[in-house]
Amino acid sequence: MKLVINLFLLTSILFAACKKNEEHNDSGQVVIRGTNRLIVSVMHHTWAVTNADLFLKNNAVEFPGTDTLLYNWKKTSDISGIAVFDNLFEGNYFLYAKGFDQVFGANVIGASPAVLNSSTLTNNEIYVTLYVTE
């Protein structure tokens, strides 16, 4: 009897230790994330644009427009003009950026497609330079 109890306890411990770290949304559904990273460099002429707002739309092959509510993700470029979108799946995306170029002294905007697939990704990353203009 003691052997059965020990086996039961050992089995219970093993099952508890094997629990996966799952993330759930507000509805209780498991969140599945991609493994790709999109690194965007926002440039105006030859210099980086800091604090530009970048918007990313998935499943898009043409410019969705300037309504930022149509986009799935938002990031802000850092002091080097870089913004990073993580946990993406392969597919067609569209980038839209708007900001203020402090060097030039003007509002700037720009848009560009970003295709993530086996031919564009290197080590699950893609680097895109997004040129913006007045």
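**Entry 1: the pocket.** I looked up the largest pocket and found about 210 Å³ of space in it. I keep in mind that this is a predicted model.

Which residues lie nearest the centre of the largest pocket? I noted Trp 73, Asp 86, Asn 87, Leu 88 and Phe 89, out of 16 residues that line this pocket. Next I checked which elements give two or more residues to the lining, and they are β4 (73-76), β5 (82-88) and β6 (91-101). Strand β5 provides the largest share, with four residues.

I then sorted the lining of the largest pocket by class. My tally reads seven nonpolar, five polar and four charged residues.

**Entry 2: the sheet.** Strands β4 and β6 turned up again when I moved on to pairing, as both belong to an open sheet of four strands. I wrote its order down as β4-β3-β6-β7, with antiparallel pairing. Which strands are at the edges? They are β4 and β7 (106-116), each of which pairs on one side only. For the twist I have an average of 20 degrees from one strand to the next.

**Entry 3: one pair up close.** I picked β3 (residues 53-58) and its partner β4, and counted four bridges between the two, in the antiparallel sense. What stands opposite Phe 55? I found Lys 74 there, in β4.

Key
Residues numbered from 1 in each chain as written. Predicted model: local features only at pLDDT ≥ 70, side-chain atom pairs only at ≥ 80, totals over all residues. Heavy atoms only, no water. 1 Å grid on protein atoms, 1.4 Å probe; cavity = no way out; pocket = protein on both sides within 12 Å on 5 of 7 lines; lining within 4 Å. Points joined across faces, edges and corners; volume = space filled by probe spheres on them. Nonpolar A, V, L, I, M, F, W, Y, C, P; charged D, E, K, R; others polar. Pairing = 2+ DSSP bridges. Axes fitted to C-alpha atoms, helices over the stretch in contact; angles between N-to-C directions.
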